[in-house]
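Good morning, and thank you for the time on today's agenda.

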Amino acid sequence: MSTPSPQRARSAAAKQQRERAILDAARALGADRSVREVTLTDIAAAVGMHKSAMLRYFETREQIFLALTAEGWEDWSGALRARLSEFTDVTDVTEVADRDRGAIAAVIAQSLVARPFFCDLLAQAPLNLERNVSLESVYAFKTVVLGEVAAVAVELCRLLAITERAAVDVIATATSMAGALLQMAAPGTRLRTLYETHPELAHALVDIEPQLTRILTALLNGLPSTER
């Protein structure tokens, strides 16, 4: 017996609730599998709606996951800025030189690795999510991302006395590498099992956090300080 679809949301509040239910279902499915394996039909079934009815709320499955990517940026940015706020300001050239940039790199890496679903979205967003939605949706998404990047950049400039351009480069490197490394690590997949059970493929075993920390430490150590 087929499950009857819920009645169409009539009020703005009901529409928001329905959209939230769709987003939450997509998040759960994406976190359990991977973003690219989740179809619109899967999400519709999880919410108890017909696929065609879902198109009244989101134009494509990609728009659903792009909205979740924007939420992921807001969550990650807020959490990272809270962690970075625990570091004290630098006040002179000596402190800038002595600052343990590796510790800051580790905090950035940890904050990303703790969010594997977000890292998956970071990889998928430029590859297909942004390319299968309206330009209005891309604009809204980019506006959120640029706002969060700017907020994190302020903290990095404060702590490291680097330029805003350099801070933005650090954020771009961290987020793009986190997404790429997660795909390479292939957690929870048959590929990962293959790598783990064949010693000759040990080079393919990616341990994301330490590798991302090393990459970011090298980048931060190579950045000139504006205080020097």
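From the N terminus on, the elements of the protein chain run α-α-α-α-α-α-α-α-α-α-α. In other words, there are 11 helices and 0 strands; helices (H or I, at least four residues) and strands (E, at least two) are DSSP runs, numbered from the N terminus. This is a predicted model, in which local features need pLDDT of at least 70 and side-chain atom pairs count only at pLDDT 80 or more, while totals for chains, interfaces and linings use all residues. Residues are numbered from 1 along each chain as its sequence is written, and side-chain values use heavy atoms, with hydrogens and water left out.

Confidence comes next. pLDDT is the predictor's confidence in each residue, from 0 to 100. The mean pLDDT of the protein chain is 90, and 90% of its residues reach 70 or more. Over residues 1-5, however, the pLDDT is below 50, and this stretch has 4 contacts in the model beyond near neighbours in sequence; contact means heavy atoms within 4.5 Å. Where pLDDT is low, the predicted coordinates should not be read in detail.

Turning to the interior, 43% of the 228 residues count as buried, that is, under 20% relative accessible area, with exposed over 50% and partly exposed in between (1.4 Å probe, protein chains only). Among contacts with a separation of 6 or more, 72% involve residues 24 or more positions apart. The largest nonpolar core has 64 residues, and those with the most contacts inside it are Ile43, Phe65, Ile108, Leu112 and Leu156. Such a core is a set of buried Ala, Val, Leu, Ile, Met, Phe, Trp, Tyr and Cys residues joined through side-chain atoms within 4.5 Å.

Ile43 leads us to helix H2 (residues 40-47), where Leu40, Ile43, Ala44 and Val47 are buried. Seen down the axis of H2, these buried residues fall within an arc of 100 degrees (taken from the directions from the helix axis to the C-beta atoms), so they line one face of the helix. They pack against helix H1 (12-32), helix H3 (51-54) and H4. Leaving aside neighbours within four places in sequence, the contacts of Ile43 include Ile22, Leu29, Met54 and Phe65. After H2 comes Gly48, whose phi is positive, near 85 degrees.

Which residues do ring pairs link into a cluster? They are Trp73, Trp76 and Phe118. Rings of Phe, Tyr and Trp (its six-membered ring) pair if their centres lie within 6.5 Å; planes under 30 degrees apart count as stacked, over 60 as edge-to-face and the rest as tilted. The count comes to 3 aromatic pairs. Trp73 and Trp76 form an edge-to-face pair, 5.6 Å centre to centre with 80 degrees between the planes. Being 3 residues apart in helix H4 (residues 61-84), these two are separated by about one helical turn. The rings of Trp73 and Phe118 have their centres 5.8 Å apart and their planes at 85 degrees, so this pair is also edge-to-face. Trp73 lies in H4 and Phe118 in helix H7 (residues 116-129), so the pair ties together parts that are 45 residues apart in sequence. Trp73 counts as buried at 6% relative accessibility, and Phe118 at 4%.

Finally, Ser34 is found in the loop between H1 and H2. Ser34 is buried, with a relative accessible area of 16%. Not counting residues up to four places away in sequence, Ser34 touches Leu29 and Asp120.
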